[in-house]
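Here is a short report on one protein chain. Look at the sequence and the fold first, then read on.

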Amino acid sequence: MTKRDRVLQVGPRAELLSRFPAAEERRWPGMIVAGLVDACSAARSTTPGVTARASVVSGLTDPAGLPHGISYVEVTSFGEEEWEEHGRDAVITAIREVDRPSAVGIAAFTGDPQVLEDVAVLARTFGLRLLADLDRHSPAELDEAGVLGPLCHVVCARPLDPGERKLLRLRGTVPALCPSRASAADMLALLDDGDVVALGTGGRVASPGPGDRPDSPGADAASGPIALAAAIRRHARELGLRPRGLDRRLVEAATLGGARALGMDRGPGRIGSLGPGARADFAVFDARGRYPYAALLAEPPCIGTVVGGVVTEH
């Protein structure tokens, strides 16, 4: 049950109709799930079922995409001198003049350690979220620069060793797993450690390589977080791995995990889950079956996406 852009109540149909007799009822076949969150999106257009995403933009004139989520302004090529002369001022000006429907953060992709440290200070000064790439910097390097923390999430398309996983967990930094042939084993290692994990489709190896099988994690990523979760599940089964509760945890990574990566999982208007006060972001899949998480990971068609209470049928 929703009112404008918020969820009023969640429960059995008969109970909701008795509590809200004047409400207009809309019925879909299949299953309703909290809106999918792409924690590092490669898409330039809307993906069915995805209601929020983290997008990396080269400048604030780039298309905003979804109205909900975060647009991360990329800081990549500045050397320290160039950053001091005009890079910092350009980023500050862009942040102050932004007029976008989504929030703004900084993608700390620069290779210069001094610039990286200053970007972290800048983000804290303006209260902005940070995005970092573990293909560019190790967790230890990011931690030394002050980047890691609960206001940061990291893109990861490579295996992490136990020490790296522990450091991210201690700092409260959510890893967003992007497509790679190592995704299944790495996802399981993170989940076994008790980590919160998100999923993102925008890894550097999002397209399958010549040695990839069609059902490898990299092959399905362009379809969205559920397709990536399903590919990780298939890969885990190929490896003979069937940990308890994996289906549920993969779906949670595609929803609540992504919301936590973006810092949007709590308070009024939260995303990634459905409950009173949450933002009315959800997706409807033509899924059937006794086991709902397994049914979603069978990749049924998405027949409708609701973003802020606005319905788009597919």
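A residue counts as buried under 20% relative accessible area, as exposed over 50%, and as partly exposed in between. Trp 28, at 23%, is therefore partly exposed. Keep in mind that this is a predicted model.

**The chain overall**

The chain has 314 residues, and 52% of them count as buried. Its secondary structure comes to ten helices and 14 strands. Take the contacts between residues at least 6 apart in sequence: 58% of these join residues at least 24 apart.

**The aromatic pair**

A pair of aromatic rings is described by the distance of the centres and the angle of the planes. The structure holds one such pair. Its partners are Trp 28 and Phe 282, with ring centres 6.3 Å apart. Their planes stand at 80°, so the pair is edge-to-face. The cut-off for that label is over 60 degrees.

The pair links distant parts of the chain, as its partners are 254 residues apart. Trp 28 sits in the loop between helix H1 (13–19) and strand S3 (31–34). Phe 282 belongs to strand S12 (residues 282–285).

| Residue | Relative accessible area | Class |
|---|---|---|
| Trp 28 | 23% | partly exposed |
| Phe 282 | 10% | buried |

How many of the six residues of strand S7 are buried? Five are, so S7 (residues 103–108) is largely enclosed by the rest of the structure.

S7 has a parallel partner in strand S6 (residues 69–75), joined to it by six bridges. Here Tyr 72 stands opposite Gly 105 of S7. S7 also pairs with strand S8 (residues 130–133), again in the parallel sense, over two bridges. In that pairing, Ile 106 faces Leu 130 of S8.

**Helix H2**

Helix H2 (residues 80–96) has 17 residues. From first C-alpha to last, H2 reaches 22 Å, close to the 24 Å expected at 1.5 Å a residue. H2 also bends, by about 50°, at His 86.

Which residues of H2 are buried? They are Trp 83, Gly 87, Arg 88, Val 91, Ile 92 and Ile 95. An α-helix has 3.6 residues a turn, so residues three or four places apart point the same way. The buried residues of H2 pack against S6, S7 and H3.

Note on methods
Residues numbered from 1 in each chain as written. Predicted model: local features only at pLDDT ≥ 70, side-chain atom pairs only at ≥ 80, totals over all residues. Heavy atoms only, no water. Phe/Tyr/Trp six-rings, centres within 6.5 Å; stacked < 30°, edge-to-face > 60°. Helix = DSSP H or I, 4+ residues; strand = E, 2+ residues; numbered from the N terminus. Buried < 20%, exposed > 50% of the residue type's maximum accessible area, 1.4 Å probe, protein only. Pairing = 2+ DSSP bridges. Expected span 1.5 Å × (residues − 1). Bend = angle between axes of the 7 residues up to and from the residue. Contact = heavy atoms within 4.5 Å.
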